[in-house]
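Dear colleague,

I am passing on the structure below, and I would be grateful if you could look it over alongside the notes that follow.

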Number of protein chains: 2
Amino acid sequence: MLLDLLQIEVPIIQAPMAGSDSVALARSVCSAGALGSLACALLSAREIRDAAREIRQHVSRPFNLNFFCHTMQPPDAVAQENWRKFLRPHYERLALDIDAVPEARLRLPFDDEVCEAVEEVLPKAVSFHFGLPAPRLIDRLKTRGIRVLASATSVREAVWLEDHGCDAIIAQGFEAGGHRALFLETSVASQVGLFALLPQVADAVSVPVIAAGGIADARGIVAAFALGASGVQIGTAYLFCPEARVSPLYRRALEHATDTGTAITNLFTGRPARGLVNRYLNEAGPFCETALPFPYAATLVAPLRVASEDAGSLDYMQLWAGQAAGLASALPAEELTRKLASEALDLLGSVRVAARHIGANSKSL
Amino acid sequence: MLLDLLQIEVPIIQAPMAGSDSVALARSVCSAGALGSLACALLSAREIRDAAREIRQHVSRPFNLNFFCHTMQPPDAVAQENWRKFLRPHYERLALDIDAVPEARLRLPFDDEVCEAVEEVLPKAVSFHFGLPAPRLIDRLKTRGIRVLASATSVREAVWLEDHGCDAIIAQGFEAGGHRALFLETSVASQVGLFALLPQVADAVSVPVIAAGGIADARGIVAAFALGASGVQIGTAYLFCPEARVSPLYRRALEHATDTGTAITNLFTGRPARGLVNRYLNEAGPFCETALPFPYAATLVAPLRVASEDAGSLDYMQLWAGQAAGLASALPAEELTRKLASEALDLLGSVRVAARHIGANSKSL
């Protein structure tokens, strides 16, 4: 049972959102009995320790630390030059000098040093994106009683994650904002909508399945349970909370988001991720063969993002959002979580009964 | 209420599937109290009359006739030559002569002549894909008491369809097999998963919403109701029925379909449609700028499809399928419908109660 596994009271996980989540957001979500998360891909080991301490200053509830576990390819000079050439006209448009871009902090994969910090911090859960780190690192976490979660975009990935020791699988539907978790799949064109993904994953694995992507209200939570989930991970809806580190421009863009306002793009980091469509996506993408592999592409895009936002323009901003942004409303995170939880918990009883009738994966309810 | 509107007993519509559905399939579905459909895009007015007579020979229940309502652009000689050039290597691979391709029957839009046949036949419902025909044709149908349904791939399309007189909206999720219904939207990259689409459409229109795409078992039906639907349209799952006109090769491919086994392609007809990925999609697409506009692209692809199938190869076959094919099982259509219906109807009571709790569109339940 997911609630027991994670020692939470309501089956909602606030999605980690590198760059937009915050200690305050995670804390508020935890206060409501759900699982707050903090994306750590951009944090050092020391920053992770500090953040965990900050979370614990106000709540003693379980929380989740999230990590990327991509493989870093050595940088390729020719590819780098091509990416520079590709971006040069955009730099010129914004009157920026592409030859004066400083080194930026790269999104780094989970490694021994970070693992040590996590062992010290002892969060209830750690979630991974882009697969899993080396088995010995997983073993270290599990030995300490830390629950290991990871995202799957297909049945194949879900089965692989279960086989490699995951305690629960996050089934990430095509609708989700931010980075696609895909790590065995290679075709973005064949990524699967949550409606089709969830029951197929639930049928294929025996660990609890957490639904992610396109869920922003209680209807979505109920539907996810009907399709075989034991919990949901909600991202975009939490971007609307005052605790999220979302700039006024980004916030306004989210408030105006429509169902068809997003696309999956590799233009910001080199990996496919869903965000609001803006001038950059329209003119350069949404997909571009020239983009450097993850995470290198991001360094040269950062100045465009900053200059765009400084000029009050959405044109080059990285506006991660899922397809259900239109369902969200701006509430403090604790209030939002309690609202979602109370509405959803009322419904779970009915759906649990319902699910048994149709032979759904009742173990996971 | 959808059941009253269509005078059916169970809120399931068998999706029309041009080329694969059949009189026998529609009849079996109707016999179970659901709404059987027949795709008429490839039928003449006389064939429509004959088919309707055949359906009525065995059942007196309501059925649905489905039409395309695209605008036919005049053929463009240069574009045609480019398409020919693009396909030539594929013809050579199969030892076919691209200069000896006969005229094929084109998918034609709903027009006065067909409307006359429909007025005579008087089906309970007519459903449209790619928008709606001229208002005077809609008026003619509605004057006769025929219910007008049409597919929307976005909130904007749903609102437009309601404004133009539709009695119910089919919300077609990204997961659906076959042609994308899009008619106001132009970006396939921004098409929406059913999980996010359905509640946003349900919030935006006041007519009943029918969920389509990725539904192949009772879990999906329940989830669709939780998200605001009053009914579901199921396609791929009916392709597994013995009544479907699905060749043995196609059938075997469906039986082996995985969640990630499909993509949206314009390579067969010129319009985006979801099908199983094969050599043709992998090598030439899934998207190709050179493809002639719908419906013209299909003529030159037909010989490749036929030759491929004759040679026992899936390479060039048009294998429409949605992302939930993996959930389907081969049952006779009446049995399948009754199974889905009885499992779903058991659940509706619970979900109806549930939906009220969360303030969902309870009018539509």
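By what turn and what shift along the axis can chain A be laid on chain B? A turn of 180° with a shift of 0.0 Å along the axis does it, giving an RMSD of 0.0 Å, where the superposition is by least squares on the C-alpha atoms of residues with pLDDT of at least 70 in both copies. The two copies are thus related as by a two-fold rotation axis, and the same surface serves both, since 100% of the contact residues of chain A recur in chain B.

Please bear in mind that this is a predicted model, in which local features need pLDDT of at least 70 and side-chain atom pairs count only at pLDDT 80 or more, while totals for chains, interfaces and linings use all residues. Residues are numbered from 1 along each chain as its sequence is written, and chains are lettered from A and ligands numbered from 1 in the order in which they are written.

The contact takes 50 residues from chain A and 50 residues from chain B, two residues being in contact if their C-beta atoms, placed from the backbone, lie within 7 Å. On the side of chain A that touches chain B, α8 (194–204), α9 (218–226), β10 (262–265) and α14 (333–357) each supply at least two residues, and α14(A) gives the most, with eight residues; helices (H or I, at least four residues) and strands (E, at least two) are DSSP runs, numbered from the N terminus.

As for the rotation axis, A223(A) comes closest to it of the residues of chain A, at 2.0 Å (C-alpha).

With kind regards
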